[in-house]
Amino acid sequence: MTWLGFMLRNLLRRPGRSLFTLIGVALAVGSFLVLAGLSRGLSTVAGASLDERSAHLVVMQRGLVEFFSSRLPESFEAELRAVPGVARVAPELGAFLPAGEDHHALVGGWRTDSPFWREMPLLRGRLPAPGEGAVVLGESLAEALQADVGSTVKIGFAPLRVVAISGFNSMLNRGMALMMLEDLQALLARPGEVTLFQIRLTRPGDAAQTEAVRKAIAALRPGIAVVTTDEVARENRTLRIVSGVSRAIALIALAIAALSVLNTLAMAVEERVREIGILAALGWTRRQILALILGEGLILAATGGLGGALLGGFGLSALSRVIVPGGLEASTALVLGALGLAVAVAIGAAGAFYPAFRAARLRPAAALRHD
Amino acid sequence: MAGTAPILALDGVSRSFDDGRIVGVDNVTLDIGRSEVAAVYGPSGSGKSTLLNLMAGLDVPTRGTVAYDGRIVPSAAGWTRLRGERIGIVFQDFNLLPTLTASENIEVAIFGRVSPAAERRRRAAARLAEVGLAHCAARLPRELSGGERRRVGIARALVNDPELLLADEPTANLDSASGAAVANLLLRLPETRRVSLVVVTHDASLLARCARRIRLIDGRVAEDMRTEGAIAA
């Protein structure tokens with residue numbers, strides 16, 4: 001018999017109780033992963049989208065409650081172009097709009113003379129022509145809307161012809177619809193307005209230049225934020241609130257799971273006082289007894305964590321498909337899966353420690369007299 | 001003094017409970033020699049099991065000292081190490097773990113001291129064979145008779161090759177045939193394994209076969225008598 005075998009034998013003595021604890025841990029870890037994944041996804045997705053377009057800095061309104069409420073005049077572009085170190089400026093109008101019958105999609109309006117427009121990767125079709133009122137769908141969005149080149153889709157309740165399918169890599173860009181800036185401005189009744197400016201620098205790796213450009217742009221007018229692509233999400237108060245609430249709920253779920261492990265093992269220790277006394281009488285050290293109970297907690301938590309990682313992966317994948325077509329990125333899923341297991345192990349250790357400590361401190365003679 | 005000293009030496013040992021209102025053992029001084037067979041007997045409540053617990057380091061004296069192999073054991077951890085490596089205990093209530101087989105109940109006594117698992121299994125099988133239960137290795141305690149359980153308990157106590165074996169009422173709750181078999185098994189050990197044996201017993205036939213008989217009354221040694229050639233396996 002091995003250590004692992006002995007621990008499993010102890011856990012299987014009360015299979016129902018162990019199973020319910022395991023389910024509790026799985027649900028907690030699953031919830032944690034979904035919430036942490038959403039929070040992380042929301043934080044990184046915008047940055048990844050901007051990175052893919054090779055934007056180095058983003059200019060938008062400061063202190064936004066939500067991203068799309070940023071309103072800047074398109075004419076600001078000329079001032080930005082004049083800042084030393086700025087190579088390119090691309091204005092963008094963005095909106096989250098109904099797409100098709102039962103989806104929502106991020107819709108971007110780009111100017112045709114912007115480098116991003118010209119460099120847009122197309123899987124098939126062509127770029128919209130001026131005045132055409134057409135749209136380019138990201139691959140995932142096209143799949144979700146069951147549309148292709150030649151189809152007509154409703155974006156913001158306006159019927160638009162699909163002229164191309166884009167082939168971006170990032171999750172957000174794959175689920176995005178792109179239009180000419182003036183078409184989207186007309187659709188949203190926001191002529192001359194943009195949400196943000198994407199900026200390419202002449203020397204993107206030069207930190208000193210980046211900082212100088214940031215300062216120069218920030219000095220142009222009050223109330224604007226000049227951020228790197230990684231910092232975009234931080235400027236959005238809604239995202240920060242969602243992230244904060246998600247983290248709080250996730251922590252509560254984890255605390256409940258840890259208490260559930262503690263409760264199960266505390267009951268197990270209470271039932272097994274005499275047996276623990278026998279082990280101590282046979283020469284088991286406190287450290288061995290501690291390791292036995294801790295090990296049982298870790299097995300419960302790690303198994304539950306594995307289940308929770310799968311549960312969280314499915315949940316996050318389904319949820320991210322509903323919120324943003326394109327689903328969860330594989331690298332994010334792996335990171336979150338590993339995080340889920342690590343969290344589960346921490347839960348197991350936290351929940352098992354007190355009962356294990358109690359068991360290790362039992363005096364053999366007293367434990368042997370226990371009924 | 002290690003090696004020539006008595007295996008166990010109690011000096012003025014007392015153990016009381018409930019803030020001194022209950023006296024378990026009162027000022028006991030005695031030595032247990034190497035390969036000696038000693039029986040502790042007396043009426044119920046006379047402190048026999050408490051004395052055995054003190055000899056095994058399972059309990060701590062309120063007063064006095066217990067020396068093992070000439071050295072006072074300074075800590076609970078020291079006693080734990082001794083029980084793991086040099087002392088074997090046979091419990092009155094069998095005290096087998098109910099979810100483990102006979103073999104596993106023996107293996108569990110050398111967890112952390114003997115590895116790998118195959119070696120633990122090999123040693124458990126050897127001890128089971130020694131007590132005549134090789135065929136019972138895979139049986140759970142509930143599938144064993146009282147006598148078999150006791151013998152598994154003895155096999156477990158022997159798996160660490162102890163030099164001192166402490167047995168609490170080893171023939172209690174057994175029919176006369178099983179009791180006699182267990183007594184034979186235990187009383188052979190000092191000769192075959194050079195083990196010192198201390199037996200707490202009510203069993204007159206077992207008592208009669210022990211060379212030294214220590215009578216306890218109210219926690220005190222009322223009589224400590226040695227007889228030549230009392231053991232007959």
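In chain A of this predicted model, strand S3 (residues 86–99) is joined to strand S11 (residues 196–201) by 6 antiparallel bridges, strands being DSSP runs of E of at least two residues and helices runs of H or I of at least four, numbered from the N terminus. Pro91(A) faces Phe197(A) in S11(A). Local features need pLDDT of at least 70 and side-chain atom pairs count only at pLDDT 80 or more, while totals for chains, interfaces and linings use all residues. Residues are numbered from 1 along each chain as its sequence is written, with chains lettered from A and ligands numbered from 1 in the order in which they are written.

**Chain A**
- Strand S1 (residues 57–61) of chain A is also antiparallel to S11(A), through 3 bridges; two strands pair if DSSP finds at least two bridges between them.
- Chain A holds 13 helices and 12 strands.
- Of its 371 residues, 48% are buried (20 or more other C-beta atoms within 10 Å of the residue's own; exposed, 12 or fewer; partly exposed, in between; C-beta atoms are placed from the backbone).

**Contact between chains A and B**
- Chain A contributes 15 residues to the contact and chain B contributes 20 residues; residues are in contact if their C-beta atoms, placed from the backbone, lie within 7 Å.
- On the side of chain A that touches chain B, helix H1 (3–12), helix H10 (273–281) and helix H13 (364–369) of chain A each supply at least two residues.

**Sheet in chain B**
- An open, antiparallel sheet of 4 strands has the order S2-S1-S4-S5 in chain B.
- Strand S2 (22–32) and strand S5 (71–72) of chain B are at the edges with a single partner strand each, so one side of each has no neighbour in the sheet.
- Strand S1 (residues 8–17) of chain B runs antiparallel to S2(B), with 7 bridges between them.
- Ser16(B) has Val23(B) as its bridge partner in S2(B).

**Backbone features of chain B**
- Most residues other than glycine have a negative phi, and most peptide bonds are trans.
- The peptide bond from Ser115(B) to Pro116(B) is cis, with omega near 5 degrees; Pro116(B) is in the loop between helix H3 (102–107) and helix H4 (117–130) of chain B.
- Phe94(B), not a glycine, has a positive phi of about 65 degrees and counts as partly exposed because it has 19 C-beta neighbours inside 10 Å.
- Asp161(B), also not a glycine, has a positive phi of about 50 degrees and lies in the loop between helix H5 (146–158) and strand S7 (164–168) of chain B.

Conventions:
Two residues are in contact if their C-beta atoms, placed from the backbone, lie within 7 Å.
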